[in-house]
Amino acid sequence: MGREGLIILILLTCLTGNFFSAQDAEAFERVYKRTFIDTRPKNPNEAFRIADSLYHVSKTPQFQAKSLMLIATLYEQQSQLEKSISFAEKAETILSGTTDYEWQSRIYGFLASQYRILQLYGKSGEYAQKAITINNQIKNPVQRNMTMGMMLQEMAYSKIAFKKYQEAITYIEKSQKFFNDGGVDLSFFTGGNNQLLGLCYYSLGQYNLAIDTYKNALKNLSSEPENHVTALVYNGLAAAYLKKNDFAQTETYLKKAQHIADTSQYPQLQREVYETARNFYAK
């Protein structure tokens, strides 16, 4: 039994009552965060087991929904988008009628992302609007700013899908303002924004600016375990240096991206890194 498995065993022991105490909630959050950040990229099978255990010990709609969203994210990682949507919609149903507007907004944003990837842009837009509307009901200003920042980040993805990079940059800048106004450490989300900015600058042919922005993203992500966003940053740096015919730097960052991609079991990431590698060896 791994460390996460031991934590789950402890959690199962302490969550056998009919309600969650504050301490139980803290235990749930510790396992949830560790599974999402550490276990999910490296060992999705173990992450599935933990997420399923979390769901079955959950006594409230909030924890049930969060567990289902962890499962939905794992299916997204494996590019099984139909299953991902199914679990997210189940979480949406569970929270329907509750006052947990923060997680309702997150679920809507997640579904907007999944439908965008499936190129069902009408459905994606409906969920995006739902997320923005319900976000206004979040009372905690920190959470309200964070979820709005995430939603604007999702809208930037939509603009990138249509190659509207300048519009995407505008949404990313607005997103970052909400993250900054939140007043908490959101290095992971800021790193994600800089990764997207780097992609936009790269796509606009501004390779030096892309490199600088990607390096800022690495600084943002330095306190987090390496994950698929880190790999996308390395891959972006490799691609930008390749455009500048700097083969040594290209190879350095490509190897870093490949190391993460090879162990991530994240097909979409592996395809992107493979494409950069193919271009590098061809050139």
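Guide: Leaving aside residues up to four places away in sequence, glutamine 153 touches Ser175, Phe179, Phe189, Gly192, Asn193 and Leu196; a contact means heavy atoms within 4.5 Å. The model is predicted, so local features need pLDDT of at least 70 and side-chain atom pairs pLDDT 80 or more, whereas totals for chains, interfaces and linings use all residues. Residues are numbered from 1 along each chain as its sequence is written, and side-chain values use heavy atoms, with hydrogens and water left out.

Glutamine 153 belongs to helix H8 (helices, H or I of at least four residues, and strands, E of at least two, are DSSP runs numbered from the N terminus). Glutamine 153 counts as buried because the relative accessible area of this residue is 12%; buried means under 20%, exposed over 50% and partly exposed in between, with a 1.4 Å probe and protein chains only.

Helix H8, residues 141–161, is also one of the partners of helix H7: the buried residues of H7 pack against helix H5 (81–95), helix H6 (101–117) and H8. Those buried residues of H7 are Ser124, Tyr127, Ala128, Ala131, Ile134 and Asn135. Viewed down the axis of H7, they fall within an arc of 140°, so they line one face of the helix; the arc is that of the directions from the helix axis to the C-beta atoms. With 15 residues, 121–135, H7 should span 21 Å at 1.5 Å a residue, and the 21 Å between the C-alpha atoms at its ends agrees with that figure. The expected span is 1.5 Å times one less than the number of residues.

Helix H5 may be read in the same manner. The 15 residues of H5 reach 21 Å from the first C-alpha to the last, close to the 21 Å expected at 1.5 Å a residue. In H5 the buried residues are Leu81, Ser84, Ile85, Ala88, Ala91, Glu92 and Leu95. They cover an arc of only 120° around the axis, which puts them on the same side of H5. Glu82 and Thr93 are exposed on the other side of H5. The buried residues of H5 pack against H4, H6 and H7. Just after H5, glycine 97 adopts a positive phi of about 90°.

The loops between these helices deserve attention as well. Serine 79 is found in the loop between H4 and H5, and the phi of serine 79, a residue other than glycine, is positive, near 65°. At a relative accessible area of 31%, serine 79 is partly exposed. Glutamine 119 is exposed, with a relative accessible area of 55%.

The structure holds 12 aromatic pairs; rings of Phe, Tyr and Trp (its six-membered ring) pair if their centres lie within 6.5 Å, with planes under 30 degrees apart counted as stacked, over 60 as edge-to-face and the rest as tilted. One of the 12 pairs is that of tyrosine 75 and phenylalanine 87, which is stacked, at 5.5 Å centre to centre and with 25° between the planes. This pair links distant parts of the chain, 12 residues apart: tyrosine 75 lies in helix H4 (residues 61–77) and phenylalanine 87 in H5. Tyrosine 75 is buried, with a relative accessible area of 15%, while phenylalanine 87 counts as partly exposed at 24%.

A second pair is formed by tyrosine 121 and phenylalanine 162: the ring centres are 4.6 Å apart and the planes stand at 50°, so the pair is tilted. Here too distant parts of the chain are linked, 41 residues apart, tyrosine 121 being in H7 and phenylalanine 162 in the loop between H8 and helix H9 (165–182). Tyrosine 121 is partly exposed at a relative accessible area of 32%, and phenylalanine 162 is partly exposed at 46%. Ring pairs also join Phe48, Tyr75 and Phe87 into a cluster.

Threonine 250 has its place in helix H13 (residues 247–264). This threonine counts as buried, at 0% relative accessibility. Not counting residues up to four places away in sequence, threonine 250 touches Ala238, Tyr241, Leu242 and Phe280.
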